[in-house]
Amino acid sequence: FLSAGRNLRPTFEATKKTVDSLAALRMKELEELKNVSKEFRLLEKERIKADVANSYMSFAGYSDAMLSDCKSEEEFKQVLGKFYTSIQGDMNPILQEIAGSDDYLDVAVVRDVLVSCYNLKVFDYPKSARLAELVEVLEKGEELEGELTPEKYRELKNFAGKLKYKDFSEAYLGRLERRAKLMEGRPAIDLDFVTSEGKKGKLSDYKGKVLFVDFWATWCMPCLGEMPYFNELSKQFPNIQFVGISLDDNTEVWLNKLKGDADHGKVLELFSTDPLVRTGWDITGIPRFLLIDKDFNIISASAPRPSEKDVIVPLLEKYNKK
């Protein structure tokens with residue numbers, strides 16, 4: 001209901017009034033719907049309530065006045081904690097309602113809100129066994145974002161096998177197997193691209209060279225922050241092909257960015273809309289860096305960032321000699 005901050009008001013109280021009025025309109029629309037099932041109406045009602053709770057909590061993130069003066073992560077957490085405490089009376093009734101049945105967990109925003117509040121010691125609402133296992137699965141899922149070794153693979157597969165809820169187990173195992181395809185030594189996932197000159201090609205066209213690949217986009221601030229380090233490293237390691245692959249929605253913004261930058265080092269800049277970027281390489285967030293050997297096999301599907309010089313430089317030195 002905050003509409004990316006457009007509905008933000010100077011105070012939480014004023015913002016809450018706006019959010020509540022918008023939610024009331026949505027509830028009225030729901031009540032007036034015809035030819036919908038009882039189940040749909042019930043779940044949609046819970047979704048609207050969860051959207052309200054989500055909007056309440058998001059006020060702090062959109063409010064420059066509340067968090068802009070924080071000088072450390074600890075101070076940030078303290079200010080956020082005080083804000084959450086101040087809205088307990090508004091949040092608890094909603095959380096108790098949307099946590100009232102495990103059926104409501106089928107609604108994405110209900111899951112998001114309940115999970116985000118789960119480990120906070122501020123709000124009071126029932127935590128079912130299914131919700132508890134969902135939180136555990138999501139936390140364990142974070143381990144899939146890093147480098148997956150054979151030992152880690154066996155550990156996570158064993159974890160999935162002990163889960164009580166079959167759908168969680170199947171989903172986790174499916175994700176694990178997708179990540180297993182990206183273990184060291186596995187064949188690299190090929191993908192289509194286009195160059196800045198409009199020439200089409202495949203990543204495997206560069207087989208025979210060690211590749212250091214950067215998935216990025218013009219709208220991604222962390223990506224842009226890594227770019228100067230990436231460009232500089234490309235000059236230091238001539239035996240490694242540095243490849244930047246833009247995941248922007250269109251080539252225009254990408255090309256404008258390239259033209260606006262004076263120095264790209266020796267980076268080969270490419271553009272790709274190939275679905276295999278996300279489905280094959282399992283890209284859920286950027287920037288993401290890959291290392292691929294001369295035989296087009298994976299060295300690392302989650303390589304260190306260029307700014308992590310104490311980690312990435314020794315790795316690049318190792319493969320620059322080959």
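For these notes, contact means heavy atoms within 4.5 Å. I am working from a predicted model.

**Entry 1: Arginine 130**

I started with arginine 130, which I found in helix α7. Leaving out residues up to four places away in sequence, I see arginine 130 touching Asp102, Leu105, Tyr165, Asp167 and Phe168. Is arginine 130 buried or exposed? I looked up its relative accessibility, which is 15%. Buried means under 20%, so arginine 130 counts as buried.

**Entry 2: The largest core**

Next I went looking for nonpolar cores. I noted a reminder for myself: in soluble globular proteins, nonpolar side chains tend to be buried together.

The largest nonpolar core here has 55 residues. Met91, Leu95, Leu114, Phe123 and Tyr125 are the ones with the most contacts inside this core. I then listed the elements that give two or more residues to it: α1 (12–32), α2 (38–62), α4 (73–86), α5 (88–98), α6 (108–118), α7 (129–141), α8 and α9. Which element gives the largest share of this core? That is α2, with 9 residues.

Not counting residues up to four places away in sequence, phenylalanine 123 touches Met57, Tyr84, Ile87, Gln88, Met91, Asn92, Leu95 and Cys117.

**Entry 3: Helix pairs**

I turned to helices that pack against each other. Two packed helices are described by the angle between their axes and the distance between the axes, so I wrote down both for each pair.

*α5 and α6.* These two pack at an angle of about 120°, and their axes are 11 Å apart. That angle makes α5 oblique to α6. Their crossing is left-handed. From α5, the contact uses Met91, Leu95 and Ile98; from α6, it uses Val110, Val113, Leu114 and Cys117. Sorted by class, the contact of α5 with α6 has 7 nonpolar residues, no polar and no charged ones.

While on α6, I checked which of its residues are buried. They are Val109, Val110, Val113, Leu114, Cys117 and Tyr118. I connected this list to a general point: an α-helix has 3.6 residues a turn, so residues three or four places apart point the same way. What covers the buried residues of α6? The cover includes α2, α5 and α7.

*α2 and α4.* The axes of this pair come within 10 Å and cross at roughly 145°. I noted the crossing of α2 past α4 as right-handed. Tyr56, Met57, Phe59 and Ala60 of α2 make the contact with Leu80, Phe83 and Tyr84 of α4. This contact has 7 nonpolar residues, with no polar and no charged ones.

*α8 and α9.* Helix α8 covers residues 150–161 and helix α9 covers residues 166–180. They pack at an angle of about 165°, with axes 9 Å apart. So α8 is roughly antiparallel to α9. I recorded a left-handed crossing for α8 and α9. On the α8 side I found Tyr153, Leu156, Lys157, Phe159 and Ala160. They meet Ser169, Tyr172, Leu173, Leu176, Glu177 and Ala180 in α9. The residues of the contact of α8 with α9 divide into 8 nonpolar, 1 polar and 2 charged.

I finished with the backbone. Most residues other than glycine have a negative phi, and most peptide bonds are trans.

Alanine 4 is not a glycine, yet it has a positive phi of about 55°. I located alanine 4 in the segment before α1. Its relative accessibility is 58%, so alanine 4 counts as exposed.

Aspartate 282 also came up, with a positive phi of about 55° although it is not a glycine. Where is aspartate 282? I found it in the loop between α12 and β6. Aspartate 282 is buried, as its relative accessible area is 7%.

My last stop was a peptide bond. The one from isoleucine 286 to proline 287 is cis, with omega near 5°. Proline 287 lies in the loop between α12 (276–279) and β6 (288–292).

Notes. Residues numbered from 1 in each chain as written. Predicted model: local features only at pLDDT ≥ 70, side-chain atom pairs only at ≥ 80, totals over all residues. Heavy atoms only, no water. Axes fitted to C-alpha atoms, helices over the stretch in contact; angles between N-to-C directions. Helix = DSSP H or I, 4+ residues; strand = E, 2+ residues; numbered from the N terminus. Parallel < 35°, antiparallel > 145°, perpendicular 65-115°, else oblique. Left-handed = near helix turned anticlockwise from the far one by under 90°. Nonpolar A, V, L, I, M, F, W, Y, C, P; charged D, E, K, R; others polar. Core = buried A, V, L, I, M, F, W, Y, C linked by side-chain atoms within 4.5 Å. Buried < 20%, exposed > 50% of the residue type's maximum accessible area, 1.4 Å probe, protein only.
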